[in-house]
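Student: I'm new to this structure and would like to understand the words used to describe it. Could we look at it together, term by term?

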Amino acid sequence: MSKPVLRGSTWYLKRRVPKRYATVEPRSVVWASLKTDSYSVALQKSAGVWLSYIEGWEALLAGRDGNAAEKFRAAQQLATVRGFQFLSIDQVEQAPLEDVLRRVEATRGADGAPDEVVAAALLGAVDEPKLRLSGLVDHVEQLSAYDNRFKNREQMRLWRSPRLRAVNNLISALGQDMAVIDVGSAEARKHKSWWQARRAKEGQSAETANKDFAYMAGMLARFYEDLEDDDPPRPYARISIHDRHAKPSQKREVPVDWIVEKWFAPDALSGLNDEARDILLISIETGCRQNEIYNLPASAIRLEDPIPHLRIAHEESENPEERREVKNLPSHREIPLVGVALAAAKRHPEGFPRYRNKSSYSASVNKYLRNNGLLPEGVTIGGTRHSWEGRMKRAGYEMDDRGELMGHSLKARRGREVYGDGMTLSDRLRVAQEIMLPAPEHLK
């Protein structure tokens, strides 16, 4: 950073203009008053003043050479740099004459001539980007690339699928692929009416419709965030469907007696392939979500540690097949391996390649168990997770301890910040051993 230069009693910023901005800045050197006679104050202010020049030049470049969205963002930024709020051309026409004249005067460049890009920004002569609904998911995916950096290919498919469905349903409700910027409360209400008619005809649940609305709200929020809109429209803010007759859903446990008497019976699971069987056994003694198990990389199966355990955490990699995203940060945890889970992990120290980054495990195992009379009515294999917590509850463990082992947010459970250290792996092992089911010889 160049040092401030004293001219008379006032300090100035003096810096050479980078070649990158030669096409939008005619000066080779800029002088800018720092409006102070204090060197220390001038030194502090100079970085911010120079940054404002850089931002202005970058906005000028984007306003001249960028695509529609980049030009629109550049116009907003240029207006801010010049000390104005960005207004559309219609708003400028309605503004007081004095304000309009100030905007016109501020369009002049360093050479005194009006700058076309600045004039468009200050007078609102910039078209808002006309991204269509059909392109919204791709656009939001680009904006969310960093947030999704841990997702593998299958997880990205599962991320895109419900968003594409929500957009396609909205297009069907509207009867056209309209510009995203034109989606308002009237369009959101049409989406809701479309869903109400579909529910009456097909019996779809309110929960399914509300997921559509939530995905649309989230994507529109990202869209306007990218436009740096300080007060974006929220067309889906009050859009939801309530069904007072719907029964509250509750995920049921697989009863412990059922697991011991039916699943642990000789040959009960012999019709499953080895990987499917052992994923199921690991879920019984860890309470892990199914995808937390079948997506495990070899590095997360810690069999050689003093306490054998699974490490559940995000995995980042240049190779999309090696990435792994777990549900949320509270889900990052270490789970001790005991009983049938330890035996199953030892049989698969490299993980489960047959199911890794796929979504076929749940359907195939549920089908096998159901076809062979090995699932209680209304229960799925996901119930092993709830069964594991149920065993902790019956053993007298408090909700906080259960939540920590299950990967739930203690902050959300308590409704306040969480202080102090979490459970150690030894603490977790003690719990797992206390609630462990007796392992039959044929599954060891």
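**Reading the terms in this structure**

Student: What do the buried residues of helix 13 pack against?

Tutor: They pack against helix 11 (274-286) and strand 4, where contact means heavy atoms within 4.5 Å. The buried residues of helix 13, which spans residues 339-347, are Val 340, Ala 341, Leu 342, Ala 343, Ala 344 and Ala 345. Please keep in mind that this is a predicted model, in which local features need pLDDT of at least 70 and side-chain atom pairs count only at pLDDT 80 or more, while totals for chains, interfaces and linings use all residues. Residues are numbered from 1 along each chain as its sequence is written, and side-chain values use heavy atoms, with hydrogens and water left out.

Student: Why is Glu 389 called buried?

Tutor: Buried means under 20% relative accessible area, exposed means over 50%, and partly exposed lies in between, using a 1.4 Å probe and protein chains only. Glu 389 has a relative accessible area of 15%, so this residue counts as buried. Glu 389 lies in helix 15 (residues 383-394).

Student: Is Gln 76 buried or exposed, and how do you know?

Tutor: Gln 76 has a relative accessible area of 12%, so it is buried. This residue is in helix 2 (residues 68-81). A polar atom of the Gln 76 side chain lies 3.2 Å from the backbone oxygen of Leu 227. Setting aside neighbours within four places in sequence, Gln 76 is in contact with Phe 86, Leu 227 and Glu 228.

Student: And Ala 363: buried or exposed?

Tutor: Its relative accessibility is 56%, so Ala 363 counts as exposed. You can find Ala 363 in helix 14 (residues 361-371).

Student: Why is helix 8 described as it is relative to helix 9?

Tutor: Axes are lines fitted to C-alpha atoms, for helices over the stretch in contact, and angles run from 0 to 180 degrees between N-to-C directions. The axes of helix 8 (residues 185-202) and helix 9 (residues 206-226) come within 10 Å and cross at roughly 160 degrees. That makes helix 8 roughly antiparallel to helix 9, since angles over 145 degrees count as roughly antiparallel, under 35 as roughly parallel, 65 to 115 as roughly perpendicular and the rest as oblique. On the helix 8 side, the contact is made by His 191, Lys 192, Trp 195 and Arg 199.

Student: How do you know that two strands pair?

Tutor: DSSP must find at least two bridges between them. Strand 1 and strand 2 (residues 10-16) run antiparallel and are joined by three bridges, so they qualify. Strand 2 and strand 3 also pair in the antiparallel sense, over five bridges. Leu 6 stands opposite Trp 11 in strand 2, and Tyr 12 stands opposite Ser 33 in strand 3.

Student: Why do strand 1 and strand 3 stand at the edges?

Tutor: The open sheet has the order 1-2-3. Strand 1 (5-7) and strand 3 (29-33) each have a single partner strand, so one side of each is left without a neighbour in the sheet. The twist averages 35 degrees from one strand to the next.

Student: What makes Trp 11 buried?

Tutor: Trp 11 has 14% relative accessibility, so it counts as buried. Not counting residues up to four places away in sequence, Trp 11 touches several residues, including Pro 4, Leu 34, Tyr 39 and Ala 42. The C-alpha atoms of Trp 11 and Ala 42 are 6.3 Å apart, although 31 residues separate them in sequence.

Key
Helix = DSSP H or I, 4+ residues; strand = E, 2+ residues; numbered from the N terminus. Polar contact = N/O pair within 3.5 Å; in protein donor to acceptor, adjacent residues only side chain to side chain.
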